[in-house]
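This report describes selected features of one protein structure. Please view the sequence and the model together while reading.

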Amino acid sequence: MQAELIDIRNHLLQHSPFNEMPEELVNRVTETIEIVYARAGTELLRINDPSKALYYVRSGAVEIFRRSGELYNRIGEGEIFGEFGLLMNKHVRFPATVLEDSLIYRIPAETFHYLFEQDEGFADYVEIEDRSRLRSAVSRREKSNQLMTSRVSRLISRKTVSAPYTVRLQEAARIMTENSVSALLLMEGEGDQARLKGIITDRDLRIRAVTEALPSETPISDIMTEGLITIPASHYIFEAMLTMLHNNVHHLPVMDDHEVRGVIALSDIVKYESQSSLYLVSNIYHQTSVKGLKKISLEVRDSFVRMVNEDANSHMIGSAMAGIGRSFTQRLLELGEEKLGPPPVPYCFMALGSMARDEQLVVTDQDNAMILDDSFVAEEHDAYFLELAKFVSDGLAECSYTYCTGDIMATNERWRQPLRVWKAYFSDWIDNPQARALLNSNIFFDLDGIYGETDFAEQLKTLVAQKASNSQRFLAMMARNALNRTPPLGFFRNFVMEEDGKHGKTFNLKRRGTAPLSDLIRIHALACGSKAQNSFERLDAIGKTRLILDDGIGNLRDALEFIAIVRIRHQALAIEAGREPDNNVRPQDLSPFERNHLKDAFQVLSNAQKFLKYRYNAQIARNVS
């Protein structure tokens, strides 16, 4: 093969869809290519002209238009156009004009149709548009992970073992022993009317019965766990894993409507969950000192890398990391109470930001706060809670959860207040919105009670859900702030990079990707009156209100997933290479597949920000603030 043809072939092999083709097909394409030099302003394709070729941009830029004359897309190096006319009606559907002097490869229609018949990957690529290609890229990862494709019902391997909740302690222990089970379901009623009342586990018997030397005739209802967390049989195994992580439970009753199908245990999921994040959480609760927690925290990054290498999706990884972070916090609070004694008044410890959204990764700081009971008296009680907050904050720092540079921690008196004060905070932020104040308080609209009187946090979520949707000025101010962070996509669909400092020639996938996406999703969720915190769950809630149509919801979901997983993989590769992980990516370190689909995802973000701006009158908010 001539040197010039080798150069053409090598360039094709760097970009989709040619980078996944058999070599003989790429060689065939290379040999039929016609090289076109086109000056800026040249009309390459005119509407309704015969479609005679597929075009590939070697260098330069081309603009693609709709029939109406509206700009549809800008095509840059390594991208193709002209496929829709070849596929549909043999006539040009989207006219194309050269934006800057360009070098273009013209692939004859005969070669295009041959590739379409011979290569399934090529056919899939050209048949679907950008957003669909992004969906395909995301679903490819999902299908490769057994946790995300297997139903919970698959883990049920034996009949349900149950007993009336009125049985005595000794009888319950006998039933469990005879049936070799670690958990016994306790029912109320008989036959078809029987309903799940509670559960007793081996651990409950040891801690609540044997340790307390309870008589054998003690009613089992005295020590059973009520208010059970359950999971539908139709849910996926990864959802069961996240439920266990989030709630620190080792047994989950599996339900089919109101009927109990069985119980799954931590050990059942471990067969599928080789990342061992559940075991890591279990070990956290066995530690008796900050020193022990610090030692076990070294395993967090290993768990993160294993999940990435197992092709877990971003929701699973973010939820697992958040569950681990919650567990460290909860255990530190338990140790703090052991050291300081019981709290003088009830309180709730709140997680904020990514931990509250179940979107935490390994590069994270601590964002938290305390809600105190309204009986709190600062002069009498605050010394205890300040010392407890310091104990937790210092312990988290020991476990690699760095101090918040913005001082959004329970050690800050402003974020350690009675429930009535917190309600006043949120009411003021919503009823009297100020752009700068909301910029600083934005993180508080992602909140989750993780310890203590968690109903306090639920009351705040309810307050926000009721008030936010009725305050257009508040939503406009939030939208204005959300538009301050834009995707790193230039005029020609090239990446816009940082120019100065140690992160020069990179772009930040959190600051310019996942963060602005979660910002705009949060605003839509607030407008819908949703109490959901996780971005994917917020999208579900938004979709139910029809504020955004299904295609728009799907695009946002796919864009968030793809940007997040590229960010996650970037951090995992850094850990494996012995480097400190961060969020700053160099385009040359990405695969052609990642570069192409990141552009698609960033375009979704850009379009969504335009909708956000006009949906909530963000420009008006800017002018009047």
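Which residue of β11 does Pro232 stand opposite? Pro232 stands opposite Met255 in β11.

## Basis of the report

The structure is a predicted model, in which local features need pLDDT of at least 70 and side-chain atom pairs count only at pLDDT 80 or more, while totals for chains, interfaces and linings use all residues. Residues are numbered from 1 along each chain as its sequence is written, and side-chain values use heavy atoms, with hydrogens and water left out.

Helices (H or I, at least four residues) and strands (E, at least two) are DSSP runs, numbered from the N terminus.

## An open sheet of three strands

Three strands, in the order β10-β11-β12, form an open sheet with mixed pairing; two strands pair if DSSP finds at least two bridges between them. The edges are held by β10 (231-232) and β12 (259-265), each with a single partner strand, so one side of each is left without a neighbour in the sheet. Strand β11 (residues 251-256) runs parallel to β10, and two bridges join them.

Helix α10 (residues 237-247) packs on this sheet and touches β10, β11 and β12. Contact means heavy atoms within 4.5 Å. The direction of α10 makes about 135° with that of β11; axes are lines fitted to C-alpha atoms, for helices over the stretch in contact, and angles run from 0 to 180 degrees between N-to-C directions.

## The buried side of helix α1

In helix α1 (residues 3-12), the buried residues are Ile8, Arg9, His11 and Leu12. Buried means under 20% relative accessible area, exposed over 50%, and partly exposed in between (1.4 Å probe, protein chains only). These residues cover an arc of only 165° around the axis, which puts them on the same side of α1; the arc is that of the directions from the helix axis to the C-beta atoms. Their packing partners are α2 (23-32), β1 (34-38), β3 (53-65) and β6 (96-108).

## Packing of α21 and α23

Helix α21 (residues 510-527) packs with helix α23 (residues 550-576) at an angle of about 145°, and their axes are 10 Å apart. The contact is made by residues including Leu517, Leu520 and Ile521 of α21 and Leu556, Leu560 and Ile563 of α23.

## Gln360 in its loop

Gln360 lies in the loop between β13 (347-352) and β14 (368-372). With 2% relative accessibility, Gln360 counts as buried. Not counting residues up to four places away in sequence, Gln360 touches residues including Ile317, Met321, Asp365 and Tyr401.
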